[in-house]
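Visitor: I have a model open and want to learn how to read it. Can you take me through a few features?

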Amino acid sequence: MWAKLALNRLIVSLAVLLTLVAAAGAAFIWSGLYNVAASRDHFSVTTWILEKVLEQSVATQSAFIETPPLDDPDLVRLGAAHYEGGCVPCHSRPGEPINVIVSQMLPSPPHLADVAAGQPPEELYWIVKHGLKYTGMPAWPAPIRDDEVWALTAFLMELAGGEMDNYRQLAGLDRVPSGALAGTEPTHQTEAVTLTQCIRCHDDAAVSTISTLVPQLGGQSIEYLERALKEYAARVRPSGIMQPVATHLDDREIAKFADYYASLDVQPGQHVIDPARIARGRALATEGDPKNAIPRCLACHSRSRAAEFPALAGQHADYLAGQLRVWQSGGRNRTAYGQIMASIARRLTDEQMLDVAAYFASLPPEAYRNDAASASPGSE
Amino acid sequence: MWNRSLQIFATLPILLIAAGCVDVQSALNPAGGEAERIHTLSWILIIFCSVVFLGVAIATMIALFGSHRWRQRLAGERLVIGAGLIFPAAALSALLGYSVMIMGMAGSAEGQDGLRISVVGERWWWRVIYTARDGRRIESANELRVPIDQPVHVELTSADVIHSFWVPKLAGKLDMIPGRTNTLTLNVRGPGISRGQCAEYCGGAHALMSFFVIAMPPADFEAWLVRESQPAAVPADEAEIQGHALFVRSGCGACHTVRGTNASGTIAPDLTHVGNRHSLAAATLPNNAEAFARWISDNQHIKPENMMPPYEIYTERELAQLSAYLESLR
């Protein structure tokens, strides 16, 4: 009897206490007394908790990621080139101070050389791909493009390796004519500026691309170039690197670039020294692999075919094989043209992708206009 | 409760009759030698089994409700030996012998005078190859034409996985096995059309892998074969010419053959005379311009997982031109 009475009293007191705490909490929230100003740092205990949660979360979430080889210089250069356009506004170039305005963020974006030095590559990859809540770090715009995220990770690993004195060359800043507004300026200005943005990574009349993972655009048809840029802008061709660039272009600018690159001669492509591979690639390109329902590549990728289909002769082998892998992982099947290639790319083996990429890279860029096209039995 | 069961039993014969109504694909409506023999055998087995079932049911009723005298008789050793051992052994042996005899009665090897027909199962369609007396190879797809009232040997094989060739109206099913040729003999009575189906699960679009067998009087068949061996019709009007240009520009010839043009692909059905066929996409769609247009742009919804990429790149006008060209291939 007495025990029961004591229990009842305890429950009532607890309920009253909880109500008071909740009311106090609500009063605190609605009073607006908590200062959210970025100009004032967190309490040190808050900072400790936030940093610990972030650290543990990144470690746990990235536990099962497997890191591919990242020491390919072309992968590093692709990463560096994107770093220049996508990351520099907040994280600054290596060796340069953080932008004064940006540094007033809380937390302020760190110098990545410091971050990368202590972090395993899979954690960097995870952060680049997913971003971090409440820090201002955005997620990758095209999450399906793991290949791009790894390129940036490769650059960050290079950055972690110590003093980087070749950044300007890695990121293609030395490719842009001196005097032109380069680097951080938005692309949406004069044509001169926009073109300097393209040639920082892509080919022009004098040089090939900055990396074999960046496609050569010279000699592609106007139709193909316009289609590609519009697909990037409409976000149906996912790319965390090209989407941000293409979104800023209007139709008139797109037409200008297409004109420029269509009239440009192709630079020689990546050299692959493996005659056996090239020979196997040639067989696949000219005859296909009917047993596995793979049509010959030249049926569509030759000059006598629809201009919307890209020309492949002289294109980098690394880029071609990389795109075929993107197709296989479902990254390019959201466009009408991409769907055609998607079902064929799925049937290719890893070896076949490398073979056929090597073959097209080995062709002289002008091959399509005559030899290769007329050599294929179905062309006209 | 009893009413429900009765209702269900009562619907069974109706279902059978309804199945028989589907005229083009019913084993209960045989139109060919082997199918007729299978049909006869089925009825003999059904009647035999019904009689035995009835006998057993009567014996059971006697055992449960019969007078003492009748039950004594039922328990006698003679009945056990006679009806339990001798009768089943004799009856089943006789039935086995009969069915082996009846199923072995393929038509004679004569009568085909040199024409060879082979059907290759592909994922998920049928490659049909006629090898004429003079050795000419005439390829078609998803439709088999045969002369009536004579045994026609069809060589069956597969290009990839195991398929099974079954035209219920004409014959039993026969598997198509990679690396092996099975021969099926069709002997169709009277001109007409029968539908067949792949009867061995072969992956994604298996359920939509069907075909038609069109039986014709021998003279008509010969005339048809001559037409079929001709190269494709030359596009005549403006739409067809534009359609042909699109066909070439889009690389369709990488997979499809249109004899008489540069399109020489062997991966997909031969389209030389596709406009003449009874159906499209292995008996999935009717053969008309609208179906061609739907198939080109939306085939992955019509027949999911089929090997042709969807071509959503065309405008309505271009689709109409392509369809006009394909329809003109008669």
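Visitor: Is Arg145(B) buried or exposed?

Guide: First, note that this is a predicted model. Buried means under 20% relative accessible area. Arg145(B) has 10%, so Arg145(B) is buried. Arg145(B) sits in strand 4 of chain B, residues 143–147.

Visitor: Which residues is Arg145(B) in contact with, leaving aside neighbours within four places in sequence?

Guide: The list includes Ile117(B), Tyr130(B), Ile214(B), Met216(B), Phe221(B) and Trp224(B). Asn276(B) belongs to the list too.

Visitor: Now the strands. What does strand 5 of chain B pair with?

Guide: Take the direction of each pairing. Strand 1 (residues 116–122) runs parallel to strand 5, with five bridges. There, Gly121(B) has Ser158(B) as bridge partner. Strand 8 (residues 182–186) runs antiparallel to strand 5, also joined by five bridges. Glu155(B) stands opposite Thr183(B) in strand 8. As for cover, six of the seven residues of strand 5 (residues 152–158) are buried.

Visitor: How is the size of an interface given?

Guide: Often as the accessible area lost when the parts come together. Between chain A and chain B, about 1700 Å² is buried, and carbon and sulfur atoms give 59% of that area. On the side of chain A that touches chain B, 14 residues are nonpolar, five polar and six charged. In contact terms, 25 residues of chain A meet 18 residues of chain B.

Visitor: How many salt bridges and polar pairs are there between chain A and chain B?

Guide: Zero salt bridges. Three residue pairs are in polar contact across the interface, both residues at pLDDT 80 or more.

Notes
Residues are numbered from 1 along each chain as its sequence is written. Chains are lettered from A and ligands numbered from 1 in the order in which they are written. This is a predicted model: local features need pLDDT of at least 70, side-chain atom pairs count only at pLDDT 80 or more; totals for chains, interfaces and linings use all residues. Side-chain values use heavy atoms; hydrogens and water are left out. Helices (H or I, at least four residues) and strands (E, at least two) are DSSP runs, numbered from the N terminus. Buried means under 20% relative accessible area, exposed over 50%, partly exposed in between (1.4 Å probe, protein chains only). Contact means heavy atoms within 4.5 Å. Buried area is the accessible area (1.4 Å probe) that two parts lose on being put together, summed over both. A salt bridge is a side-chain nitrogen of Lys or Arg within 4 Å of a carboxyl oxygen of Asp or Glu. A polar contact is a pair of N or O atoms within 3.5 Å; within protein, one must be able to donate a hydrogen and the other to accept it, and residues adjacent in sequence count only if both atoms are side-chain atoms. Ala, Val, Leu, Ile, Met, Phe, Trp, Tyr, Cys and Pro count as nonpolar, Asp, Glu, Lys and Arg as charged, and the others, Gly among them, as polar. Two strands pair if DSSP finds at least two bridges between them.
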